[in-house]
Amino acid sequence: MPHEFRLALDEELDTQLEAVRQQQGLETLDQAAEWLARRRLRKGTASLTGRGRALYDIRGRSD
């Protein structure tokens, strides 16, 4: 069973979420908040894993 929570919105956060909602074509402020959270997680994961950087095989002397 999913748990639901609500953000306590102040005027500035409400304004920013509304801008994201309109920009991304979303229906609700909840969707805008979720979109921002997912975007931040993707960017954070990419910086941790080094995605987007060149990756090379590490080989020992016998390889």
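Author: One term to start with: buried means under 20% relative accessible area, exposed means over 50%, and partly exposed lies in between. By that scale Glu 34, at 42% relative accessibility, counts as partly exposed. Keep in mind that this is a predicted model.

Reader: OK. How many helices and strands does the chain have?

Author: The chain has two helices and zero strands. Helix α1 covers residues 11-24, and helix α2 covers residues 29-49.

Reader: How far does α1 reach from its first C-alpha to its last?

Author: It reaches 20 Å with its 14 residues, close to the 20 Å expected at 1.5 Å a residue. After α1 comes Gly 25, which has a positive phi, near 70°.

Reader: Back to Glu 34. Which side chain does Glu 34 meet in a salt bridge?

Author: That of Arg 38, at 2.8 Å, N to O. Glu 34 and Arg 38 are four residues apart in helix α2, so about one helical turn separates them.

Reader: Why does that spacing matter?

Author: An α-helix has 3.6 residues a turn, so residues three or four places apart point the same way. Side chains of opposite charge can pair when their charged atoms come close.

Reader: How many salt bridges are found in the whole structure?

Author: Two. Besides Glu 34 with Arg 38, there is one between the side chains of Glu 18 and Arg 21, at 2.6 Å, N to O. Glu 18 and Arg 21 both lie in helix α1, three residues apart, which is about one turn. Glu 18 is partly exposed, at 25% relative accessibility.

Reader: New topic: surface patches. Which residues form the negative one?

Author: Asp 10, Glu 11, Glu 12 and Asp 14 form it. Asp 14 sits in helix α1 and is partly exposed, because its relative accessible area of 32% falls between the two cut-offs.

Reader: And which residues form the positive patch?

Author: Arg 39, Arg 40, Arg 42 and Lys 43. Lys 43 belongs to helix α2 and is partly exposed at 48%.

Reader: Last one. What percentage of the chain is buried?

Author: Buried residues make up 8% of the 63 residues. The accessible surface of the chain is about 6,300 Å², and carbon and sulfur atoms account for 50% of that.

Methods: Residues are numbered from 1 along each chain as its sequence is written. This is a predicted model: local features need pLDDT of at least 70, side-chain atom pairs count only at pLDDT 80 or more; totals for chains, interfaces and linings use all residues. Side-chain values use heavy atoms; hydrogens and water are left out. Patches are made of residues with over 30% relative accessible area and no salt bridge: like charges are joined within 9 Å, nonpolar side chains (Val, Leu, Ile, Met, Phe, Trp, Tyr) within 5 Å. Accessible areas come from the Shrake-Rupley method with a 1.4 Å probe; for residues, only the protein chains shown count as cover. A salt bridge is a side-chain nitrogen of Lys or Arg within 4 Å of a carboxyl oxygen of Asp or Glu. Lys and Arg count as positive and Asp and Glu as negative; His and the chain ends are not counted. The place of a charge is taken as NZ of Lys, CZ of Arg, CG of Asp or CD of Glu. Buried means under 20% relative accessible area, exposed over 50%, partly exposed in between (1.4 Å probe, protein chains only). The expected span of a helix is 1.5 Å times one less than its number of residues.
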